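Could you look over the model below before reading my points?

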Amino acid sequence: MANKSNKFYFQNFMEAATYSCRAAEFLVHCLSDYHSDRIDTMLAQMHELEHQADEIRHEMSVALARAFVTPIDREDLADLSQCIDEVTDTIEEVLQRFYIHNIQTVPSDASVFAEKILACCKLMASMLTELEHFKKPDRLRKFIVDLNHAEEDCDQFYLHAAMMVKQQYNNAFDAIAWWEIFEYLENCADACEHVADSVERIIMKNT
């Protein structure tokens, strides 16, 4: 259990993960009720979430620069903070692809994929609520395994979705656009797994 002076670090991680979940929830909302004429507004709202997540990461950086003693090696804390921030960044990048490729309609596979990303983010957030108990890591390890399985499910869905693009789009530009978007969605799942990998390294070094 973390003492009171160390609570900041674990609370910061949970706040950062909350923004990842909000970004994923917003992506699900955008794709489930997509209107191409609102893409500028959607991007602005998503960027605000990403900006707020950056502020959380900055708070961690400042705290680490000032701290004399930390509950976990400061390099590991910095790495985990960066990994969580990258989850929100990759989610924003998905929506940016919609703007770049002037997407007009959204296939059902994209909405399903976004839901899977949201599930990964929720698992990540649940895992981080347990991080302060890293010296008794049984529950943490369970979340790590569950998140790895969720990422593997996204890998399989990515293959399915990429294959379906060839059948759904005759126009090469549309096909290329959707192959890229699905790849960016897969990047979101990978980013969540990188958070789990970072947590696993912390466990290995401290138990």
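1. The model is predicted, so local features need pLDDT of at least 70 and side-chain atom pairs count only at pLDDT 80 or more, whereas totals for chains, interfaces and linings use all residues. Residues are numbered from 1 along each chain as its sequence is written, and side-chain values use heavy atoms, with hydrogens and water left out.

2. Side chains of opposite charge can pair when their charged atoms come close. A salt bridge here is a side-chain nitrogen of Lys or Arg within 4 Å of a carboxyl oxygen of Asp or Glu, and by this rule the count comes to 10 salt bridges. One of them joins the side chains of Lys7 and Glu132, with 2.9 Å from N to O. This pair links distant parts of the chain, since Lys7 belongs to helix 1 (residues 7–32) and Glu132 to the loop between helix 4 (108–129) and helix 5 (138–168), 125 residues apart. Helices (H or I, at least four residues) and strands (E, at least two) are DSSP runs, numbered from the N terminus.

3. How exposed are the two partners, Lys7 and Glu132? Buried means under 20% relative accessible area, exposed means over 50%, and partly exposed lies in between, for a 1.4 Å probe and protein chains only. Lys7, with a relative accessible area of 29%, is therefore partly exposed, while Glu132 counts as buried because its relative accessibility is 12%.

4. Salt bridges that share partners join Asp54, Arg57 and Asp85 into one network.

5. A further salt bridge connects the side chains of Arg139 and Glu130, with an N to O distance of 3.3 Å. Glu130 has a relative accessible area of 14%, so it is buried.

6. Helix 1 and helix 3 (residues 74–100) pack with their axes 10 Å apart and at an angle of about 10 degrees. The axes are lines fitted to C-alpha atoms, for helices over the stretch in contact, and the angles run from 0 to 180 degrees between N-to-C directions. Helix 1 is therefore roughly parallel to helix 3, given that angles under 35 degrees count as roughly parallel, over 145 as roughly antiparallel, 65 to 115 as roughly perpendicular and the rest as oblique. The crossing of helix 1 with helix 3 is left-handed, a word used if the near helix is turned anticlockwise from the far one by less than a right angle, with right-handed used if clockwise.

7. Which residues make the contact of helix 1 with helix 3? Contact means heavy atoms within 4.5 Å, and the residues include Tyr9, Phe13 and Leu27 of helix 1 together with Leu77, Ile84 and Phe98 of helix 3. By class, this contact has 19 nonpolar, 3 polar and no charged residues. Here Ala, Val, Leu, Ile, Met, Phe, Trp, Tyr, Cys and Pro count as nonpolar, Asp, Glu, Lys and Arg as charged, and the others, Gly among them, as polar.

8. Helix 2 and helix 3 have axes that come within 10 Å and cross at roughly 170 degrees, which means that helix 2 is roughly antiparallel to helix 3. The residues of this contact divide into 14 nonpolar, 5 polar and 8 charged.

9. Asn12, found in helix 1, counts as buried at 2% relative accessibility. When residues up to four places away in sequence are not counted, Asn12 touches Ile56, Glu59 and Met60. Thr90 lies in helix 3 and counts as buried at 11%, and with the same exclusion Thr90 touches Asn187, Cys188 and Ala191.

10. Two loop residues complete the note. Ala67, in the loop between helix 2 and helix 3, counts as buried at 17% relative accessibility. Asn102, in the loop between helix 3 and helix 4, counts as exposed at 55%, and its phi is near 50 degrees, a positive value in a residue other than glycine.
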